[in-house]
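Please read the notes below with the model open beside you, and check each point against the residues as you go.

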Amino acid sequence: MAETSIEWTDATWNPVAGCTILSPGCTNCYAMRMAARLDAMGQAKYRGLTRKSGGRAKWTGKLFLDRKALGVPRSWIKPRQIFVNSMSDLFHADVPAAFVAEVWSTMAATPQHTYQILTKRPDNMAEITANLPVLPNVWLGTSVESSDYLARIDDLRRVRSAIRFISFEPLLGSVASADLKNIHWAIVGGESGPGARPMAANWVSEIEAACRRYGTAFFFKQWGGKNKKAAGRMLNGRTYDEMPTASL
Ligand code: SF4
């Protein structure tokens with residue numbers, strides 16, 4: 001839990017650390033690199049979550065459920081937009097449903113905050129959240145990096161939530177045929193950092209057009225690349241920072 005430079009949120013909260021690579025969008029996972037760094041700095045929470053392979057950090061598949069972190073947002077009085085689990089995936093198969101229920105209890109007890117939860121496992125999200133209350137301050141989303149993963153949007157549509165959102169980041173291919181019906185918000189971003197893969201401008205325009213068709217709020221986060229600051233976040237000569245409106 002820390003202040004963050006992510007453009008669409010204020011703070012991060014990590015009740016779970018550790019993950020497993022699932023699809024091409026995970027290849028340059030920022031959390032994997034950061035977990036290796038935090039382990040090297042002696043932070044016990046990240047011990048053994050990654051190993052070195054070919055000179056790069058790789059998840060070992062071990063997860064750390066941080067019970068001590070569960071209540072942290074209760075101590076934050078000032079309202080914040082909180083990105084939940086930037087260092088993991090809350091709906092990883094090895095996170096017990098009972099632990100997710102404890103995360104829900106904290107979020108229910110802190111209505112001053114808005115929570116954003118992003119998963120690459122929306123099928124698990126749909127199953128687990130079916131047994132949890134719909135909270136007006138919780139936004140649930142999935143990542144889609146290319147047309148190979150459009151089915152994740154169908155899984156997300158099954159999720160009951162005040163706001164359902166898609167993160168098209170890192171965008172690795174065209175998703176022109178994406179069905180955004182009943183999706184409140186779309187974030188688009190190119191990959192950044194070492195080994196960043198390129199994003200074509202027309203892939204971004206296609207998503208913007210889909211957002212206009214379906215009435216989905218459109219947020220353009222960044223072009224990305226090795227120097228994401230230099231590449232910036234202007235599209236058509238302007239920025240796009242639209243935020244969603246709940247339909248509950
Ligand atoms: S699901 Fe997210 S946290 Fe897990 S490996 Fe992929 S990008 Fe990283």
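**Notes on salt bridges and burial**

1. The side chains of Arg152 and Glu145 are joined by a salt bridge, with N and O 2.9 Å apart; the term stands for a side-chain nitrogen of Lys or Arg within 4 Å of a carboxyl oxygen of Asp or Glu. Both Arg152 and Glu145 are buried, where buried means under 20% relative accessible area, exposed means over 50%, and partly exposed lies in between, as found with a 1.4 Å probe on protein chains only.

2. Before going further, please keep in mind that this is a predicted model, in which local features need pLDDT of at least 70 and side-chain atom pairs count only at pLDDT 80 or more, while totals for chains, interfaces and linings use all residues. Residues are numbered from 1 along each chain as its sequence is written, and side-chain values use heavy atoms, with hydrogens and water left out.

3. Within helix α4 (residues 151-157), Asp154 and Arg157 sit 3 residues apart, about one turn of the helix; helices here are DSSP runs of H or I with at least four residues, and strands are runs of E with at least two, numbered from the N terminus. Asp154 and Arg157 form a salt bridge whose closest N and O atoms are 2.8 Å apart, and Asp154 counts as partly exposed because its relative accessibility is 44%. Asp154 and Arg157 are also linked with Asp179 in a network of salt bridges.

4. Helix α5 (residues 201-214) holds both Glu208 and Arg212, which are 4 residues apart, about one turn of the helix. Their salt bridge has its closest N and O atoms 3.2 Å apart.

5. In helix α3 (residues 122-129), the buried residues include Pro122, Met125, Ala126, Ile128 and Thr129. Among the elements that cover the buried residues of α3 are α2 (97-109), β8 (114-119), β9 (138-143) and α4 (151-157), with contact taken as heavy atoms within 4.5 Å.

6. Turning to the cysteines, Cys19 counts as buried at 10% relative accessibility, and Cys211 is buried with a relative accessible area of 1%. The count of disulfides comes to 0, a disulfide being a pair of cysteine sulfur atoms within 2.5 Å.
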